[in-house]
Amino acid sequence: MNSFVDYFVISEGTYTFTGQKKDLVFDITNFPKYSHEILYQAVDKFPKTGNINTEEQWENYKYGRNAAAKILNENAKDRDIILIGDVD
């Protein structure tokens, strides 16, 4: 894929969508060959944390998914094709 992809955008949260604190897992040093093509951000502020209800969980889910928009808005060009996926 490297020959077809300009950048890999990775957005990782310090909270799960259910509002529970979690450790960051991604380590760019594990990918030295591609580090110049990886745009990474840690999202550490979520709208709702702690014991939250289902509706608040969806709010966190959307917030986490949309967090990558900042990187995309700063780097994507009008004709770029963007694919979004989850680890799970």
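Strand E1 (8–13), strand E2 (38–43), helix H1 (54–66) and helix H2 (69–75) each contribute at least two residues to the lining of the largest pocket. Helices (H or I, at least four residues) and strands (E, at least two) are DSSP runs, numbered from the N terminus. This is a predicted model: local features need pLDDT of at least 70, side-chain atom pairs count only at pLDDT 80 or more, and totals for chains, interfaces and linings use all residues. Residues are numbered from 1 along each chain as its sequence is written, and side-chain values use heavy atoms, with hydrogens and water left out.

**Confidence**
- Mean pLDDT (the predictor's confidence in each residue, from 0 to 100) is 89 for the protein, and 98% of its residues reach 70 or more.
- Confidence is lowest in H2, at a mean of 88, and highest in E2, at 94.

**Largest pocket**
- The largest pocket holds about 1,700 Å³ of space.
- A pocket is an open set of points on a 1 Å grid over the protein atoms alone, where a 1.4 Å probe fits, with protein on both sides within 12 Å along at least five of seven lines.
- The volume is the space filled by probe spheres set on the points.
- Its lining (residues with an atom within 4 Å of a point) has 46 residues, and Val9, Ile10, Ser11, Ile84 and Gly85 lie nearest the centre.
- E1 gives the most to this lining, with 6 residues.
- By class, the lining has 29 nonpolar, 9 polar and 8 charged residues.
- Nonpolar covers Ala, Val, Leu, Ile, Met, Phe, Trp, Tyr, Cys and Pro; charged covers Asp, Glu, Lys and Arg; the others, Gly among them, are polar.

**Aromatic pairs**
- The whole structure has 6 aromatic pairs.
- Rings of Phe, Tyr and Trp (its six-membered ring) pair if their centres lie within 6.5 Å; planes under 30 degrees apart count as stacked, over 60 as edge-to-face and the rest as tilted.
- Phe17 and Tyr61 have ring centres 6.3 Å apart and planes at 85°, so this pair is edge-to-face.
- Phe17 sits in the loop between E1 and E2 and Tyr61 in helix H1, so the pair ties together parts 44 residues apart in sequence.
- Phe17 is partly exposed at 44% relative accessible area, and Tyr61 is partly exposed at 33%.
- Buried means under 20%, exposed over 50%, partly exposed in between (1.4 Å probe, protein chains only).
- Tyr15, Phe46 and Tyr63 form a cluster linked by ring pairs.

**Asn60**
- Asn60 belongs to helix H1 and is buried, at 1% relative accessibility.
- Leaving aside residues up to four places away in sequence, Asn60 touches (heavy atoms within 4.5 Å) Thr16, Phe17, Gly19, Phe46, Pro47, Lys48 and Ile52.
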